[in-house]
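Please look through the sequence and the model shown here before reading on.

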Amino acid sequence: MMIKLLSLCSLCALTLVVNVKVYASDVSEKFTAKAVKLAPYQQRDFQDEIFYFVLPDRFYNGDKSNDLGAAANDTKRAISRGGFDKKNKGMYHGGDLAGLTEKLPYLDNMGISAIWLTPVLRNQALQNGSSGYHGYWIVDFSEIDPHLGTNAALKNFIDKAHERNIKVFFDIITNHTADVIKYQECHSSDGLTWLLEDKNCPFKSLAQLAQGDTYTPFIPPGSENLKTPAWLNSVDVYHNQGDSNWVGESAIRGDFAGLDDVDTNSEKVVKGMIDIYTAIIDEFKPDGFRIDTVKHVNMAFWQTFSPALIAHAKTQGIDNFFMYGEVYSFEPKLLSPFTLEGKLQSVLDFALQGALQQTLVEQKGTDVLAKLFAQDYLYQTSHQDIENTNANQLVNFTGNHDMGRFAYTLKESDYNYSEAEQIQRNLLAHALLYFSRGVPVIYYGDEQGFVGDGGDQASRQDMMPSQVVSYNDDDLLASNHTTADDNFDTSHLFYQSFAQYAELYQQYPALRFGKQSTVYAQGTPGIFAITRSHSFSLNEQEKEQNLLIVFNTSDQVKALKVLDSGIYNDKHAKRLYLSAESQGHDKIAPLSFAIYQLP
């Protein structure tokens, strides 16, 4: 299949055509990678999944009656009403669980097998001039935010996803709740006015506290019973040491951007958080959790929390319940302790994200990738109370709702990439997600060429027609649309490419479970080659699958002769997939990749 791109390329060495071609007769040219073809979700391994990460508020509005959140006469949930303004990027835009349910076929047809939702529990709607559309300002851990629907709507969404054999993962928070607690030293008695000019409560260390230098926490009048469960309304279950400055002790015990930092050092809090999320498992039966701000919680908490939830899920018949954490660090030596010591099953692979940026945006050598993968042994663990973990379970991504989209970094690069080259670099980055070790995640909108203007709110565009001016002035990649249009285009180059990547990923077990070895890397942009080898049983017969995947990060054609050391040659390597035409079997096109089956 040949898909023409916008003819904007100024690099004569770079082709203006992306060829999405399959060379093996056993791979369909139609995009039929649907979850129904996979093992039943109850039995499916985490490494079989392809994730879609989505902010429900920014996806699709299936029920306009909940746009304002809590009903006007609902005094109990008044804190969760309002904040709806489709023109303001920091406010609610109306997307909900009903909209996600309606669009399940769109995700299914792209080969998505698991959906990761940003937090859906009830939030404080308004705080410091913005809204809780993202879900990270929780006041009630027992029910769904009314802007998104009801508990019944969430159960319906999960049921409909499960009917399609698609898993659902919740984004959960243990580090903090919404900003309700104030300090007498920093705030007025009603909690509405800052007493300090820089609007920040400087962090006070344990050493300061021991000397009597403390804050005096209080809950403003009328807010004493905002949080559920009730134990969260006591100031004694929070650290109350002021705002984090992101380093040292404050990274663990400080208020995260002013949010009330839960005292996870307390046994009462550990038990309370376990109770909260076992109740969530009991009621909704999700397939797993992504855990927010993991590195801002003490390690001992995870050592108790993770095994307890996995064990409880098994009592509910969820044998493959899986949790992965957000550890916002870019070094394996900083990421891996949370699996090795913290007993989390996996973490988001920020280190791979950083390596993708270095190689495909900053044009560093492919040895960056080799050096990263050489540290995969750090993730190999064996716990008695959870399953063994390894690098194949790491969660791969190119960008997200905090750091921004990979496409944005390409647009802002000092290399001034043409649109055609941005497209090819984006496709290659996603191919590395799918075909190197780890579980791939598509950040919603990336399959429609979304770019954005940075991180945080600037990277949280609407899939439904947007009214945000700063979103709608974006030039989307490989599309004539803007975010002012409805962006569920199943003919989009990225959507179709990701669907085909999914087809390959699901067809070859070695791409999901195979041991990865680096065959070739270099100190400049160019070839990065790996093998994925896996033995498995099929129809009571032992099979072995050995694949060679070759990536070219350069904007020049590269010769494959560097691989002619017995690993690859034309005579015994069967070519399964080629993402762009090269000049003969012994070459690979610029910014492309190829997959071969070895004997």
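## Cavities in the model

The second largest cavity has a volume of about 60 Å³, where a cavity is a set of points, on a 1 Å grid over the protein atoms alone, at which a 1.4 Å probe fits but cannot get out, and where a volume is the space filled by probe spheres set on the points, with grid points joined across faces, edges and corners. This is a predicted model, in which local features need pLDDT of at least 70 and side-chain atom pairs count only at pLDDT 80 or more, while totals for chains, interfaces and linings use all residues. Residues are numbered from 1 along each chain as its sequence is written, and side-chain values use heavy atoms, with hydrogens and water left out.

A search of the whole structure finds five cavities of 30 Å³ or more. The second largest cavity is lined by 14 residues, and P119, G132, Y133, G135 and L148 are those nearest its centre; lining residues have an atom within 4 Å of a point.

## Helix α6

Helix α6 covers residues 267-284, and its 18 residues reach 26 Å from the first C-alpha to the last, close to the 26 Å expected at 1.5 Å a residue. That expected span is 1.5 Å times one less than the number of residues, and helices (H or I, at least four residues) and strands (E, at least two) are DSSP runs numbered from the N terminus.

The buried residues of α6 include V269, M273, I276, I280 and F284, buried meaning under 20% relative accessible area, exposed over 50% and partly exposed in between, with a 1.4 Å probe and protein chains only. An α-helix has 3.6 residues a turn, so residues three or four places apart point the same way. The buried residues of α6 pack against several elements, among them β9 (138-144), α3 (151-163) and α7 (299-315). At the start of α6, a side-chain oxygen of S266 comes within 3.2 Å of the backbone nitrogen of K268, and just after the helix K285 takes a positive phi of about 55°.

## A disulfide and a buried contact

The structure holds one disulfide, a pair of cysteine sulfur atoms within 2.5 Å. It is formed by C186 and C201, whose sulfur atoms are 2.2 Å apart. C186 and C201 both lie in the loop between β12 (182-183) and α4 (206-210), 15 residues apart, and both are buried.

Leaving aside neighbours within four places in sequence, S113 is in contact (heavy atoms within 4.5 Å) with residues including R44, D48, N165 and Q506. Q506 is found in helix α15 (residues 493-507) and is also buried, at 16% relative accessibility. Not counting residues up to four places away in sequence, Q506 touches L38, D48, I50, S113 and R512.

## Backbone details

A cis peptide bond joins T228 and P229, with omega about 5°, and P229 lies in the loop between β13 (217-218) and α5 (250-253).

Notes
Polar contact = N/O pair within 3.5 Å; in protein donor to acceptor, adjacent residues only side chain to side chain. 1 Å grid on protein atoms, 1.4 Å probe; cavity = no way out; pocket = protein on both sides within 12 Å on 5 of 7 lines; lining within 4 Å.
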